[in-house]
Amino acid sequence: MAEREKKRSKYRLKNYNFKLVFYAVVISILGIAVVRSASSGETVSGMFSTAQKQVMAVGIGIVLMVLLSFIDYHILLKYSWLIYLLNIGLLLYVRFLNPYTFMGAKRWIYLPGFGTVQPSEFSKIAVALTAAWILVRIRKRINNVFFILLYLLITGVTAVLILIEPNLSTTLEVIWGIVTMLFIAGISWKWVVGVLSTLAVLIGLFLFTVYQPDQVIFQRLEARGVIQDYQVDRINAYFFPEDYPDEVYQQTNSVLAIGGGQLSGKGLDTDDLESVKNGGFLSEEQSDFVFAVVGEELGFVGCMILILLYVLIMVEGFRIAARSPDLEGKVIAGGMVSTFAFQTFVNMGVATMILPNTGTPLPFISAGMSSVIGSYMMVGILLNIGLQKSRRHSILTFYNEGEEMALGDYIPVQVREEKSKETDQ
């Protein structure tokens, strides 16, 4: 055990994934430029402007990324319960004790002079670590109903606390991560098929409710406080945009801005009078609808370059997960990258009107110190997992040593041969 820990602590610079760092920093630099343009006409309240906060967030994020990249992720797993309880405490404080409210929601802790901190952005990391800790310990019983429910109950507390802030988009991101990690840990395909079948039925029921004349089910859920009236309006606006012009106003203007950029865009800090951004037709253009600013000012080319950078980050992240030396690393890396991909898709989907309107930041770009710092912390943990790969190997060279071992809990053939030699001796 001591020898294994010693090997883990010896990191080699050649294994440091500088490509992942490069992609994240390039996106951040682009984000600073876009946020500066989007917030150029703001009235500064506090010590720093939005663009200055963005620069600070990137700086803090990079420092934390480097620090976390050299902290053994097994140490983080060891203290995952402490991290999880701290996360729960912050979410409880934000919802029930914190006096700060913005637009009817209690999601932030206000820091005078600096702005706000959003604990739910760091919940994704806390849930990933806690989920990995649990899944590794129940992997031999991962298809047992009791242990599945126990896993969902423990990790789901975070999702519920975020939902009642209310913050539906981040709730969905956390749930996506929880479910994805369960799949990576090796749950039976029977469960996967069963869940997908149930989901298909629920989608059918949802569409039936949407197209019901009186939408009785929605009314009952509203009356019981399960969903908010604005959430129902956004759902209806997606399916019946002509009846809810006020609800689709932002998304319509976002699509116009992206289309107006055409091939090469109008340029950063454009003074074009026909600019959707300059005309004040977008709100939260520096955060939730920042992709619209990218489309308008950098055009189709800029959007494609940005999307390519995100894809490259995901590719590197999944590669790290595939080469992880143990199941813990696979689950953490896979869950974090899946959540990152889901968040990116949702933000761009809302901006292009593919999805109903919901506020979620675009990683590394949207204004918001919590989002930027949280994204860099995830990258730092991914880098550490990548540093601890023992050797490159293919899934074709793996074998399953135990009858009930989980998917991903494999041992390289080389290790099997070494074990055989030791036994012969």
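Colleague: What should I know before I start?

Modeller: Residues are numbered from 1 along each chain as its sequence is written, and side-chain values use heavy atoms, with hydrogens and water left out. In this predicted model, local features need pLDDT of at least 70 and side-chain atom pairs count only at pLDDT 80 or more, while totals for chains, interfaces and linings use all residues.

Colleague: How many cavities of 30 Å³ or more does a search of the whole structure find?

Modeller: Start with the general idea. Rolling a probe the size of a water molecule over the atoms shows where empty space is left. A cavity is a set of points, on a 1 Å grid over the protein atoms alone, where a 1.4 Å probe fits but cannot get out. Grid points are joined across faces, edges and corners, and a volume is the space filled by probe spheres set on the points. Here the search finds three cavities of 30 Å³ or more.

Colleague: Which residues line the largest cavity?

Modeller: Lining residues have an atom within 4 Å of a point. Here they are Ile313, Gly317, Met336, Val337, Phe340, Phe364, Ser375, Met378, Val379 and Leu382. Eight are nonpolar, two polar and none charged. Ala, Val, Leu, Ile, Met, Phe, Trp, Tyr, Cys and Pro count as nonpolar, Asp, Glu, Lys and Arg as charged, and the others, Gly among them, as polar.

Colleague: Which helices each supply at least two residues of that lining?

Modeller: Helices are DSSP runs (H or I, at least four residues), numbered from the N terminus. The suppliers are H13 (290-322), H14 (327-351) and H15 (369-387). H15 gives the largest share, four residues.

Colleague: How do I read the packing of two helices?

Modeller: Two packed helices are described by the angle between their axes and the distance between the axes. Axes are lines fitted to C-alpha atoms, for helices over the stretch in contact, and angles run from 0 to 180 degrees between N-to-C directions. Angles under 35 degrees count as roughly parallel, and those over 145 as roughly antiparallel. Take H2 (residues 18-38) and H15. Their angle is about 170°, with the axes 11 Å apart. H2 and H15 are therefore roughly antiparallel to each other.

Colleague: Which residues of H2 and H15 meet?

Modeller: Contact means heavy atoms within 4.5 Å. From H2 come Leu20, Val21, Ala24, Val25 and Ser28; from H15 come Tyr376, Val379, Leu382 and Leu383. This contact has eight nonpolar residues, one polar and no charged. Val379 and Leu382 also line the largest cavity.

Colleague: At what angle do H12 and H13 cross?

Modeller: The axes of H12 (residues 249-260) and H13 cross at roughly 25° and come within 6 Å. H12 and H13 are therefore roughly parallel to each other. Ser254, Ala257 and Ile258 in H12 meet Phe291, Ala292, Gly295 and Glu296 in H13. That contact divides into four nonpolar, two polar and one charged.

Colleague: Where does Asp269 lie?

Modeller: Asp269 is in the loop between H12 and H13. Its phi is positive, about 60°, although Asp269 is not a glycine.

Colleague: Which residues does a cis peptide bond join?

Modeller: Glu165 and Pro166, with omega about 0°. Pro166 sits in the loop between H7 (145-163) and H8 (168-184).

Colleague: Which residues is Met377 in contact with, leaving aside its neighbours within four places in sequence?

Modeller: Met377 is found in H15. It touches Leu64, Leu68, Phe122 and Ile125.

Terms used: On a 1 Å grid over the protein atoms alone, a cavity is a set of points where a 1.4 Å probe fits but cannot get out, and a pocket is an open set with protein on both sides within 12 Å along at least five of seven lines; lining residues have an atom within 4 Å of a point. Angles under 35 degrees count as roughly parallel, over 145 as roughly antiparallel, 65 to 115 as roughly perpendicular and the rest as oblique.
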